[in-house]
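Thanks for coming. I will take a few minutes to go through one chain, starting with the overall picture and ending with single residues.

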Amino acid sequence: TDNQRAAWHRVNVCEEGGVWNADGRLYSGGLGFSRANWDEFNSFGYPVDAAYATPEQQIRVAVAFATRFWGNPNAAPDQNGCGAGY
């Protein structure tokens, strides 16, 4: 949904300053996926590294993560003022 995408875009701004192809040693992609979480929740055949996935692909993996851990596909972390998070 549009609200869901907007929520994950806010997470991106807080986690990675709006950069979707961040590729750090421990975390990658615009939502700061750990390599283990990306591997576990990327059951869609997307690139092996979140940094190479499109924003829409990263959001789809994040929704799978949110559904599993928070029981709600719309449960993007609250990023009010970028002070909250996972």
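**Overall picture**

A compact globule of 86 residues would have a radius of gyration near 12 Å, and the chain has 12 Å, so the two agree. Please keep in mind that this is a predicted model. Along the principal axes, the C-alpha atoms fill a box of roughly 30 × 25 × 20 Å. Of the 86 residues, 38% are buried.

The chain contains three helices and two strands. Starting from the N terminus, their order is α-β-β-α-α. If we take the contacts with a separation of 6 or more, 39% of them are between residues 24 or more positions apart.

Next, α1 and helix α3, which covers residues 55-70. Their axes come within 11 Å and cross at roughly 95°. Angles of 65 to 115 degrees count as roughly perpendicular, and α1 and α3 are therefore roughly perpendicular to each other. On the α1 side, the residues that meet α3 are Gln 4, Arg 5, Trp 8 and His 9. On the α3 side, they are Glu 56, Ile 59, Ala 62, Val 63, Ala 66 and Trp 70. Sorted by class, this contact has six nonpolar, two polar and two charged residues.

Staying with α1, which runs over residues 2-16, we find Asn 12. Is Asn 12 buried or exposed? Its relative accessibility is 2%, so Asn 12 counts as buried; the cut-off for buried is under 20%. Leaving out residues up to four places away in sequence, Asn 12 touches Gly 17, Gly 18, Val 19, Trp 20, Gly 30 and Leu 31.

**Trp 38 and the rings**

Trp 38 belongs to helix α2, residues 35-41. With a relative accessible area of 2%, Trp 38 is buried. Which residues does Trp 38 contact, beyond its neighbours within four places in sequence? They are Phe 33, Tyr 46, Pro 47, Val 48, Asp 49, Ala 50, Ala 53, Gln 57, Gln 58 and Val 61. One of these, Asp 49, is eleven residues from Trp 38 along the chain, and their C-alpha atoms are separated by 7.4 Å.

On to ring pairs: the count comes to six aromatic pairs. The rings of Phe 33 and Trp 38 have centres 5.0 Å apart and planes at 65°, so this pair is edge-to-face. Phe 33 and Trp 38 are both buried. Elsewhere, ring pairs link Phe 41, Phe 65, Phe 69 and Trp 70 into a cluster.

Notes. Residues numbered from 1 in each chain as written. Predicted model: local features only at pLDDT ≥ 70, side-chain atom pairs only at ≥ 80, totals over all residues. Heavy atoms only, no water. Helix = DSSP H or I, 4+ residues; strand = E, 2+ residues; numbered from the N terminus. Buried < 20%, exposed > 50% of the residue type's maximum accessible area, 1.4 Å probe, protein only. Contact = heavy atoms within 4.5 Å. Phe/Tyr/Trp six-rings, centres within 6.5 Å; stacked < 30°, edge-to-face > 60°. Axes fitted to C-alpha atoms, helices over the stretch in contact; angles between N-to-C directions. Parallel < 35°, antiparallel > 145°, perpendicular 65-115°, else oblique. Nonpolar A, V, L, I, M, F, W, Y, C, P; charged D, E, K, R; others polar. Rg over C-alpha atoms; globule rule 2.2 N^0.38 Å.
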